[in-house]
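This is a guided tour of one structure, to be followed with a viewer open. Each stop says what to select and what is found there.

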Amino acid sequence: MSTITNTGFILIVDDNPTNLSVLSEVLSNAGYKFRVAVNGESAILQAERNQPQLILLDVEMPGIDGFETCRRLKANPITQNIPLIFTTALADTNSKVKAFSLGAVDYIPKPFAQEEVLARVRVHLQLKQLTESLEQQVSDISDGLRLRTTALEQAQVQLVQQEKLSTLGELIAGIAHEINNPINFIASNLAPLQEYIRDVTEIIQLYQQEYQPTEKISIAIEDTDLEFVLEDMAKILNSMKCGTDRIKHISGALRTFSRSSGDSIMSADLHQGLDSTLMILQHRLKGKGDFPHIEIIKHYGKLPEVDCYPGQMNQVFMNILANAIDALDEAMIQGKLNACTPKIEITTAMDSAQWIVIQISDNGIGISESHKQHLFEPLFTTKPVGKGTGLGLSIVHQIVVEKHHGILEVDTQPGQGAKFMIKIPVIATTSHHNQRS
Ligand SMILES: Nc1ncnc2c1ncn2[C@@H]1O[C@H](COP(=O)(O)OP(=O)(O)OP(=O)(O)O)[C@@H](O)[C@H]1O
Ligand SMILES: [Mg+2]
């Protein structure tokens, strides 16, 4: 294997002109490029400015000796990896041991035997090349591994997201279906029941007009408080109707949420998605014990229907809103809301560049600068084990940025709440469709 490279050179350090000329001749005859230094200081300066491939270093020199020169070269990050061979007439074991302990790779005794000098130089240049190529390979492998790990992490997040989404979607679809049948049954029977009760009430009133009741009937009427019962029955029926209407509304929202869980692009009303998500989170917005009710303030602008993955957009709303509720709960626990009402504001609009802009802000605990930098990384969470998986926002990021070619931004400061901004383009071009599928 050739050890001659065009760019590399060997630095010979020796104060003795005869030694210098012998070594120079040997090296140049073998085709090596070289430079010379006549003392330790200038050797260090030269090596710093232009790193040689190898240094042949004399031990006994005026000024700093070879050992000190070696120590300084090894202490300097720029020169520490250059292989260094001592050339010396000192043949005692102590000197040799000292040379190696200072980091020299070899030792060439003086007077020089030409073949030995060349053999040792050649071996060490080869070793250096091998080491460098090994280092490069290791670094390539690490880069490859890092890339693969990132890809794996992303695939995992995607899997979890799909799993979360389809499990949630299926569960909700199932519940909506189960609720829907009995509620329809009740709702559809309420109207005839109302009519029958009105008829029966009229007949009773007619009886009362046409007949004098017997004493037994009078007592029964009084015991039952018939007048009140007849009046209240109509009210009860009315409230039952309101109740069933509300359940139908909820089950509609559940179906909107789950229907859109499929993995296909369709045109969707994002306000409907936001509302159905809020409906599902309703139980977390209600006040409980010392916790006040979380106020939802909507500033909905005029939005067209958007070509998107509606189920995934619902997941985006769900993850951001759930985080906002967590941040408000935490602010309440830490007593940081002072006299403020916990609230979430949702603002939607279409900007001048035809992008849908959705802002969701809360007045919760806010996020510190150092946490902000990791917010969208998978598995980043500040919540206790079992409470947060740290996947919420990384999924949001993936859906908004990768799936919808949108923009996701956050504006927050500790103690000042947080505002998440989602921007997605209204017009999904054909190429987007292709990329997204
Ligand atoms: N509105 C917010 N206010 C304050 N901190 C927030 C807010 N939203 C997110 N964070 C911070 O970002 C972290 C990451 O959020 P992310 O939704 O990714 O994970 P998580 O909520 O911890 O767990 P999960 O996977 O269950 O959603 C949270 O742990 C929290 O520290
Ligand atoms: Mg979360």
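Predicted model: local features only at pLDDT ≥ 70, side-chain atom pairs only at ≥ 80, totals over all residues.

Begin at the stop for His405. Select this residue in the loop between α12 and β11 (407–412). His405 has a positive phi of about 50° although it is not a glycine.

**The whole chain**

Now zoom out to the whole protein. The secondary structure consists of 13 helices and 12 strands. Along the principal axes, the C-alpha atoms fill a box of roughly 145 × 50 × 40 Å. The radius of gyration is 41 Å, whereas a compact globule of 437 residues would have one near 22 Å. Of the 437 residues, 25% count as buried. Among contacts with a separation of 6 or more, 70% are between residues 24 or more positions apart.

**Two domains**

Colour residues 10–112 as domain 1 and residues 288–437 as domain 2. How far apart do the C-alpha centres of domain 1 and domain 2 lie? The distance is 64 Å.

**The largest core**

Next, select Val316, Ile320, Ile360 and Val396, the residues with the most contacts inside the largest nonpolar core. This core has 34 residues. Several elements give two or more residues to it, including α8 (270–280), β9 (343–350), β10 (355–362) and β12 (418–425). Which element gives the most to this core? That is α10, with 10 residues.

Centre the view on Ile320. Neighbours within four places in sequence aside, Ile320 is in contact with Ile360, Val396 and Phe420.

A second, separate core has 28 residues. To find this second core, select Ile12, Phe34, Leu56 and Val121, which are among its members. As background, nonpolar side chains in soluble globular proteins tend to be buried together.

**Around ligand 1**

Select ligand 1 and show the 23 residues that surround it. The closest are Asn323, Ala327, Thr381, Gly388 and Gly392. At least two residues of the shell come from each of α10 and α12. The largest share, four residues, is supplied by α10. Colour the shell by residue type: nine residues are nonpolar, 12 are polar and two are charged.

**Two stops on the backbone**

Go to the peptide bond from Lys110 to Pro111, which is cis, with omega near -5°. Pro111 sits in the loop between β5 (106–109) and α5 (114–210).

Then follow the chain to Asp225, in the loop between α6 (215–224) and α7 (226–259). Asp225 is a residue other than glycine with a positive phi, near 55°. Is Asp225 buried or exposed? Asp225 is exposed, because 11 other C-beta atoms lie within 10 Å and the limit for exposed is 12 or fewer.

Methods:
Residues numbered from 1 in each chain as written. Chains lettered and ligands numbered in written order. Core = buried A, V, L, I, M, F, W, Y, C linked by C-beta atoms within 7 Å. Buried ≥ 20, exposed ≤ 12 C-beta atoms within 10 Å, placed from the backbone. Contact = placed C-beta atoms within 7 Å. Rg over C-alpha atoms; globule rule 2.2 N^0.38 Å. Near = placed C-beta within 6 Å. Nonpolar A, V, L, I, M, F, W, Y, C, P; charged D, E, K, R; others polar. Domains from an automatic or database assignment.
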